Amino acid sequence: MNKETIDRIRKFTSDRDWEQFHSPENLAKSISIEAAELLECFQWSGTEYDLEHVKEELADVLVYCRNMLDVLGLDEDEIVNSKMKKNEKKYPVEKAKGNSQKYDEL
């Protein structure tokens, strides 16, 4: 996410004095709720969905994730790269390529 977008999210939150509601627990709940609303877009069909609605729900998830990063003082690149390093070990290409099984079943 670029700095301009991050600053816009932070300003939106600050202008409304919503930081007081942004505990890690509340943000985790909000991420889960918005992710469920995203999933609802595909409830009856995986091929027939409203892309604009999907984009709105996905944006809500991303905004709450950005808020969670701020509250916890985390850097998204750092935590994503750390997790990718672990995933690369758990899912080596030679075992996982074209296979949807969980790492302990490979």
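How many salt bridges does the count come to? In this predicted model, the count comes to 7 salt bridges.

**View 1. A salt bridge joins lysine 3 and aspartate 7.** The side chains of the two residues meet at 2.8 Å, taken from N to O. Side chains of opposite charge can pair when their charged atoms come close. Both residues belong to helix α1, where they are 4 residues apart, so about one helical turn separates lysine 3 from aspartate 7.

**View 2. Helix α1 packs against helix α3.** Helix α1 covers residues 3–15 and helix α3 covers residues 51–72. Their axes lie 10 Å apart and form an angle of about 85 degrees. Angles from 65 to 115 degrees count as roughly perpendicular, and α1 and α3 are therefore roughly perpendicular to each other. On the α1 side, the contact is made by Ile6, Ile9, Arg10 and Thr13. On the α3 side, Val63, Arg66, Asn67 and Asp70 take part. Sorted by class, the contact of α1 with α3 has 3 nonpolar, 2 polar and 3 charged residues.

**View 3. Six named side chains make a nonpolar surface patch.** The residues are Val71, Leu72, Leu74, Ile79, Val80 and Met84, and the patch has an area of about 470 Å². Two elements, α3 and α4 (76–90), each give two or more residues to the patch. Helix α4 gives the most, with 3 residues. Isoleucine 79 has its place in helix α4.

How values were computed
Residues numbered from 1 in each chain as written. Predicted model: local features only at pLDDT ≥ 70, side-chain atom pairs only at ≥ 80, totals over all residues. Heavy atoms only, no water. Axes fitted to C-alpha atoms, helices over the stretch in contact; angles between N-to-C directions. Parallel < 35°, antiparallel > 145°, perpendicular 65-115°, else oblique. Contact = heavy atoms within 4.5 Å. Nonpolar A, V, L, I, M, F, W, Y, C, P; charged D, E, K, R; others polar. Patch = residues over 30% accessible without salt bridge, like charges linked within 9 Å, V, L, I, M, F, W, Y side chains within 5 Å. Areas by Shrake-Rupley, 256 points an atom, 1.4 Å probe, with all protein chains shown as cover. Salt bridge = Lys/Arg side-chain N within 4 Å of Asp/Glu carboxyl O.
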